[in-house]
Amino acid sequence: MEEVHGGLKVIGAGFGRTGTYSLKVALELLGFGPCYHMREVFQHPEHVKLWNEAIAGRDVAWNAIFGTYRACVDWPGCTFYKELMQAYPEAKVLLTVRDPEKWYESAYQTIYQVTTTTRSPFMSFSLFAARLFFVRMRRTIRMIDALIWNGTFGGNFLDKELALEIFAEHNEEVKRSVPAERLLIYNVKEGWEPLCAFLGVPVPSTPFPHVNDRENFIANRARRWKSRLQWLGLGMAGLVALVALLGLLKRRT
């Protein structure tokens, strides 16, 4: 794989729900922005095809995804940290860690519930509506299924013990694979000091951002789905009204 000039300065190797969104915000405050996160995929659906290429094991022109980014964290990037290390040899690697039990509970209650069919009736109907009326969303969800639930966890995420083993093995593999001088094993609860020391930047005067906890994740996701459903309902109501009006006009003619 060829080295890529420019681009990423920081590669996040930790799984999602290990404080990756807080880290994204922190890195951007430190000048390592914009920072790529799973949320970026939803904002750039044209990236889904490239991620699918990577999942299939094909060579990817990484700058087609990261050309304007200085950092990446969370999935899908963390799955390909080795490839990104080769493509961006000057980039440093951050392994975000968290208590495994709390990580599993958080991942199950948030991203797993949102991106699979095993969820509450409201979320199920919401995702059904999104898949039915938003092709981009459907493609992204399929990519997430292939990458995370069927890829990383082999379709066995609900087997908690196995999922925890995969979580632990990933972290150990990162420690084995990344040279010590290039790696920081980091818990966002540690705040600015170890992160800034590793990146060689001053410690900001602002508090370290702690965002996107489980409660906020669920609340924000519910608000977004509710808004989409409301717009969908308005659109369908308008369509029904239009059909009724056309029928009335036809009878009068």
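**Note on the sheet, cores and salt bridges**

1. Strands E1 and E4 run parallel and are joined by three bridges. Helices (H or I, at least four residues) and strands (E, at least two) are DSSP runs, numbered from the N terminus. Two strands count as paired if DSSP finds at least two bridges between them. Valine 10 has lysine 92, in E4, as its bridge partner.

2. The model is predicted: local features need pLDDT of at least 70, side-chain atom pairs count only at pLDDT 80 or more, and totals for chains, interfaces and linings use all residues. Residues are numbered from 1 along each chain as its sequence is written, and side-chain values use heavy atoms, with hydrogens and water left out.

3. The protein has 11 helices and five strands. Of its 253 residues, 43% are buried; buried means under 20% relative accessible area, exposed over 50%, and partly exposed in between (1.4 Å probe, protein chains only).

4. The five strands form an open sheet with parallel pairing, in the order E2-E3-E1-E4-E5. E2 (35-36) and E5 (183-186) are at the edges with a single partner strand each, so one side of each has no neighbour in the sheet. E2 runs parallel to E3 (residues 71-72), and two bridges join them. Cysteine 72 in E3 is the bridge partner of tyrosine 36. Helix H1 (residues 20-29) packs on the sheet and touches E1 (10-12), E2, E3, E4 (92-96) and E5. The direction of H1 makes about 145° with that of E4; axes are lines fitted to C-alpha atoms, for helices over the stretch in contact, and angles run from 0 to 180 degrees between N-to-C directions.

5. How is E4 placed in the structure? Four of its five residues are buried, so E4 is largely enclosed by the rest of the structure. Four bridges join E4 to E5, and these strands also run parallel. Leucine 94 stands opposite leucine 184 in E5.

6. A nonpolar core is a set of buried Ala, Val, Leu, Ile, Met, Phe, Trp, Tyr and Cys residues joined through side-chain atoms within 4.5 Å. The largest has 46 residues, and Trp51, Trp62, Phe66 and Phe153 have the most contacts inside it. Elements that each supply at least two residues of this core include H3 (47-55), E4, H6 (100-115) and H9 (160-177). Another core, of 19 residues, lies apart from it, with Leu23, Tyr186, Trp192 and Leu195 among its members.

7. Phenylalanine 153 touches Phe15, Trp75, Trp103, Ile148, Ala163 and Ile166, leaving aside residues up to four places away in sequence. Contact here means heavy atoms within 4.5 Å.

8. A salt bridge is a side-chain nitrogen of Lys or Arg within 4 Å of a carboxyl oxygen of Asp or Glu. The count by this rule is seven. One of them pairs glutamate 173 with lysine 82 (3.2 Å, N to O). Glutamate 173 is in H9 and lysine 82 in H5, so the pair ties together parts 91 residues apart in sequence.

9. Lysine 160 forms a salt bridge with glutamate 101, with the closest N and O atoms 2.6 Å apart. Lysine 160 belongs to H9 and glutamate 101 to H6, so this pair links parts 59 residues apart in sequence.
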